[in-house]
Structure formats: C-alpha cells, structure tokens
Amino acid sequence: MQKSCLECGEKIVGRVDKKFCSDYCRNAHHNNLNKDRKNLVRNINNLLRKNYRILEEFNPNEKTTTSKNKLLTRGFNFEYFTSIYTTKTGKVYYFVYDQGYLPLENGIYALVKRN
C-alpha cells in the first residue's frame, strides 16, 4: 500500500511509519498546524508580551514601586494579565506570567516577581 505525504501529497519512500516526504513538508505542515488562526490570539499574545517586558524593565530587583503614569507612558495595558492572586488579607495582585503588580493608593503600584 502506497502512502502519500500529509503536506504535498507526493508518494512516500522509506520507513512504513513515515508521514512526510521531506523535512520541508514536515516543517510546513507543523507550522501551518500551530500558527495562530486568528489575529485576535496573536494580538492578545503581543499585548501580554509587551506588558511583561514593561513590568520586567521597571522591576529588575523583584520588588519595587512605580507610578501608574510611568507604566502608561511605556504603553502598559491594565486590561491584559494572565492571573489574579488574592491574599488572605484581601489584597489583589495581577500577574503577567511571573511579573505582578498591586494597586496601592494615589496611583502607585507595587511590582513583584513570583518565584
């Protein structure tokens, strides 16, 4: 029984469990399979990445404070984060992966890094 390449349809020569005729077809198939199908996912990932870089830039020592204006000036978007952590005392930390921020008073934010 002759098998054909999953990407281009060419006939496959070689091992019986082979699925692709070449490395090019294997890579092309997996790249097509794994690419973001919608711009929405790509755009949200880009926003999360930007927020992460900004928090990392302002928080090199794993714990500091900064103003909301400084974060906004760099382009930080407070609507996009990956998780929320609420302490026993009721304080709510917002995290972008392992970089987090806690709103304090007067537009000041505590920046932390989760280990």
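This is a predicted model: local features need pLDDT of at least 70, side-chain atom pairs count only at pLDDT 80 or more; totals for chains, interfaces and linings use all residues.
In the hairpin of strands E3 and E4, with two residues between the strands, Tyr97 takes a positive phi near 60 degrees. Residues are numbered from 1 along each chain as its sequence is written, and side-chain values use heavy atoms, with hydrogens and water left out. Helices (H or I, at least four residues) and strands (E, at least two) are DSSP runs numbered from the N terminus.

**The sheet**

- Five strands make an open sheet in the order E1-E5-E4-E3-E2, with antiparallel pairing; two strands count as paired if DSSP finds at least two bridges between them.
- At the edges sit E1 (63–67) and E2 (83–86), each pairing on one side only.
- On average, neighbouring strands of this sheet are turned by 30 degrees against each other, direction ignored; the axes behind such angles are lines fitted to C-alpha atoms (for helices over the stretch in contact), and angles run from 0 to 180 degrees between N-to-C directions.

**Strand E4 and its two partners**

- E4 (residues 99–103) has four of its five residues buried, so the strand is largely enclosed by the rest of the structure. Buried here means under 20% relative accessible area, exposed means over 50%, and partly exposed is in between (1.4 Å probe, protein chains only).
- On one side, E3 (residues 92–96) runs antiparallel to E4 and is joined to it by three bridges; Tyr94 has Tyr101 of E4 as its bridge partner.
- E5 (residues 108–113) also pairs with E4 in the antiparallel sense, this time over five bridges, and Gly100 finds its bridge partner in Val112 of E5.
- E4 and E5 form a hairpin too, with four residues between them, and Asn106 in that turn has a positive phi of about 60 degrees.

**Nonpolar cores**

- The largest nonpolar core has eleven residues: Leu48, Tyr52, Ile54, Leu55, Leu71, Phe76, Phe78, Val96, Tyr101, Tyr109 and Leu111. Such a core is a set of buried Ala, Val, Leu, Ile, Met, Phe, Trp, Tyr and Cys residues joined through side-chain atoms within 4.5 Å.
- Helix H2 (39–58) and E5 each supply at least two residues of this core, with H2 giving the most, at four residues.
- Ile54, one of the core members, touches Leu71, Arg74, Gly75 and Phe76, if you skip residues up to four places away in sequence. A contact means heavy atoms within 4.5 Å.
- There's also a second, separate core of five residues, among them Tyr93, Phe95, Leu102 and Ala110.

**Salt bridges**

- The structure holds four salt bridges, each a side-chain nitrogen of Lys or Arg within 4 Å of a carboxyl oxygen of Asp or Glu.
- Arg74 pairs up with Glu57, with the closest N and O atoms 2.6 Å apart. Arg74 lies in helix H3 (residues 68–74) and Glu57 in helix H2, so the pair ties together parts that are 17 residues apart in sequence. Both ends are partly exposed, Arg74 with a relative accessible area of 42% and Glu57 with 44%.
- Asp98 and Lys113 meet at 3.9 Å, N to O, linking the loop between E3 and E4 with strand E5 across 15 residues. Asp98 is partly exposed at 22% relative accessibility, as is Lys113 with a relative accessible area of 30%.
- Asp17 bonds with Arg15, the closest N and O atoms being 3.0 Å apart. Here Asp17 is partly exposed at 47%, whereas Arg15 is exposed at 60%.

**A buried asparagine**

- Asn59 lies in the loop between H2 and E1 and counts as buried, at 3% relative accessibility.
- A polar atom of the Asn59 side chain lies 3.3 Å from the backbone nitrogen of Glu62. For reference, a polar contact is a pair of N or O atoms within 3.5 Å; within protein, one must be able to donate a hydrogen and the other to accept it, and residues adjacent in sequence count only if both atoms are side-chain atoms.
- Leaving aside neighbours within four places in sequence, Asn59 is in contact with Thr64, Gln99, Leu111, Val112 and Lys113.
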